[in-house]
Amino acid sequence: DSSQQRPSRSCPGPNGARERSTTRACGGKSGASTGTSSPRCSVSDRRDRQSFPVVVHVLTDCPLAFSENREDMLSPSNNKLTEVLEEANKLFKDVRQAREAALDAQLLVVATDLGKEKATQMFAEGNAFNPTIFAERLLSFMGLNRLEDGEDEQQNGHAADGYLPQDAWHRLARRAESCFSTAPSFHYMIGSFHAEPPPPKQRTERQRKTTSKEVKRMMPTQLKKMDDSHHEATEKEVERILGYLKSYYQDDPSSPISYYEFIIDPNSFSRTVENIFHMSFLIRVSLSHCELVCPLVAMSRSDGAVCVDRMELIDAFEIREAMIQTANTQNE
Amino acid sequence: TVVERKHPHELTSQVQRGLEKVSPAQVDQKVTAEVVQFMLVKDQKKIPIRRADLIKHVVKEYRNIYPEIMRRAARTFDQVFGLKLVEIDTKNHMYILVNRLERAEGPVSRSPSNTKTGLLFVILGVIFMKGGVVKENVIWSTLKKLRVHTGEKHDEFGDVKKMVTDEFVRQRYLEYVRIPHTEPVEHEFRWGQRADVEVSKAKMLEFMGQLYEQDPQSWSQQYREAHPPSSSQAGPSSQR
């Protein structure tokens with residue numbers, strides 16, 4: 001606050017000068033303010049500082065005096081506030097400058113504030129309400145046990161005598177509720193969406209992200225495997241059949257191997273078809289050092305249609321056993 | 001805001017013209033289903049509801065018939081919920097809901113009591129008994145005697161200073177105003193607009209009488225304030 005700093009700058013020796021002047025100024029008047037520094041002190045100061053505008057000194061000093069002697073000014077046993085205001089009124093006649101008028105206004109603000117506070121005191125005087133006694137009464141109501149010392153309070157170092165029960169504030173609230181006509185707060189019976197949407201959203205997002213990532217990661221590998229395994233399986237089968245063909249050929253290189261005898265599995269149609277399929281690869285890549293004798297095919301070719309009954313062929317060639325063992329049985 | 005500037009007569013006719021364009025069913029839908037629900041949910045936090053929010057989130061394109069909507073909402077609150085819709089701040093247009101029904105007498109074990117009510121009673125009680133204005137130090141020292149220390153985390157209230165100077169102020173139970181020309185800065189407490197509407201001074205004085213084991217009438221000044229000659233209870237505060 002600038003009003004408090006200003007006087008300290010303008011007064012060289014504040015305390016000494018003021019007390020001297022106070023006694024001089026107050027001499028003629030009532031003895032109410034003897035001894036203490038009064039705002040009126042500055043009236044006499046003008047004699048010492050004639051080069052400065054009179055009112056400025058008075059007014060600048062006054063707020064300082066106010067804050068220092070606030071309690072003194074408020075005391076109901078004196079009329080200091082009135083005296084100061086009267087003094088200021090007298091001085092206001094000499095006010096010529098805007099700065100002085102502003103100070104006067106400031107003085108009035110402070111004086112009004114003090115006056116209001118003084119009025120509040122008067123109001124309470126009839127039956128002064130003491131918050132300390134109020135607190136004591138409340139503690140009793142809240143179930144304070146004055147015999148037992150609360151262990152917690154002692155540990156915390158609070159100067160607390162007596163032990164306040166856990167439900168103390170609930171006890172007070174239950175009784176105090178009768179003074180309040182508070183609207184009961186509204187809640188949905190089944191509950192509503194909580195007013196905090198971010199957490200669940202994040203959770204679902206996270207889950208989705210991770211799953212989609214996994215799928216992405218899984219897909220290519222799966223496809224590759226399928227591709228690979230299929231390709232490899234065919235290749236392996238072809239090689240396996242070539243192995244059989246070679247071994248049969250080595251057993252008896254002079255006689256050719258009957259195509260049908262070779263490929264037909266008398267116990268399984270599907271195996272037969274598979275064998276034909278794999279055999280076709282061997283023919284395509286012209287691994288023709290194995291000569292194929294197949295009169296029936298030639299015959300059917302002349303017909304222009306391939307209609308071969310597996311069962312008839314089995315009978316015709318008297319196939320009892322598959323020449324190409326299935327991969328599984330071979331493993332066993 | 002356009003509505004405000006019009007002459008009262010013009011205003012009502014404008015509302016009527018607006019109503020003609022909308023079907024009654026539409027208005028009822030707006031009123032019952034949306035404004036009422038919005039206010040009920042908003043009231044959970046006990047912070048006054050601003051007209052601006054109502055218009056922005058609910059009323060929207062029906063703003064030209066806003067007075068009619070509020071009138072119907074107030075009727076619904078009154079007749080269906082037993083609540084009173086009060087505009088506590090006619091300048092900034094803020095609303096609160098107050099219980100219109102008498103509290104059941106006797107020890108009714110209802111939902112668990114809110115301890116904040118106890119804290120509010122202490123603060124409002126001191127302000128009332130001290131004549132309407134109290135310096136903050138008086139409140140803090142009173143609370144300290146009740147084992148509630150500002151600057152320490154309280155088991156029941158947590159950060160008490162924040163609750164009192166922020167939450168209670170935003171809910172308009174309290175006014176927390178800086179005292180001019182004080183060094184260091186000091187504040188004072190007054191009753192807020194919600195307290196004026198929601199808290200019964202007569203019942204408060206009754207409780208005081210119980211605490212002090214004396215007749216409430218012995219606080220003559222407060223008794224007169226709590227029982228004004230014209231039975232009209234002090235409405236929205238006219239102090240400001």
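1. Start with where the two chains meet: 49 residues of chain A are in contact with 62 residues of chain B. Keep in mind that this is a predicted model. Putting the chains together buries about 5,000 Å² between chain A and chain B, and carbon and sulfur atoms give 63% of that area.

2. Which elements of chain A give two or more residues to the side that touches chain B? They are helix H7 (98-125), helix H8 (131-141) and helix H10 (168-176) of chain A. The largest share comes from H8(A), with nine residues. By residue type, the side of chain A that touches chain B divides into 25 nonpolar, 13 polar and 11 charged.

3. Over to chain B and one of its sheets. Here three strands make an open sheet in the order S4-S8-S7, and the pairing is antiparallel. Strand S4 (134-135) and strand S7 (174-178) of chain B each have a single partner strand and stand at the edges, so each has one side without a neighbour in the sheet. S4(B) is joined by two bridges to strand S8 (residues 187-191) of chain B, and the two run antiparallel. If you'd like a spot to look at, find Lys135(B), which stands opposite Glu188(B) in S8(B).

4. What packs on this sheet? Helix H6 (residues 115-129) of chain B does, touching S4, S7 and S8 of chain B, and the direction of H6 makes about 95° with that of S8(B). Helix H8 (residues 160-170) of chain B packs on the sheet too, touching S7 and S8 of chain B. For this helix, the angle is about 110° with the direction of S7(B).

5. Chain B also has an open sheet of three strands in the order S1-S3-S2, again with antiparallel pairing. Its edges are strand S1 (49-50) and strand S2 (83-89) of chain B; each has a single partner strand, so one side of each is left without a neighbour in the sheet. Two bridges pair S1(B) with strand S3 (residues 94-99) of chain B in the antiparallel sense. Look there for Ile49(B), which stands opposite Tyr95(B) in S3(B).

6. Last, the helix on that sheet: helix H5 (residues 66-81) of chain B packs on it, touching S2 and S3 of chain B. The direction of H5 makes about 135° with that of S2(B).

Notes:
Residues are numbered from 1 along each chain as its sequence is written. Chains are lettered from A and ligands numbered from 1 in the order in which they are written. This is a predicted model: local features need pLDDT of at least 70, side-chain atom pairs count only at pLDDT 80 or more; totals for chains, interfaces and linings use all residues. Side-chain values use heavy atoms; hydrogens and water are left out. Contact means heavy atoms within 4.5 Å. Buried area is the accessible area (1.4 Å probe) that two parts lose on being put together, summed over both. Helices (H or I, at least four residues) and strands (E, at least two) are DSSP runs, numbered from the N terminus. Ala, Val, Leu, Ile, Met, Phe, Trp, Tyr, Cys and Pro count as nonpolar, Asp, Glu, Lys and Arg as charged, and the others, Gly among them, as polar. Two strands pair if DSSP finds at least two bridges between them. Axes are lines fitted to C-alpha atoms, for helices over the stretch in contact, and angles run from 0 to 180 degrees between N-to-C directions.
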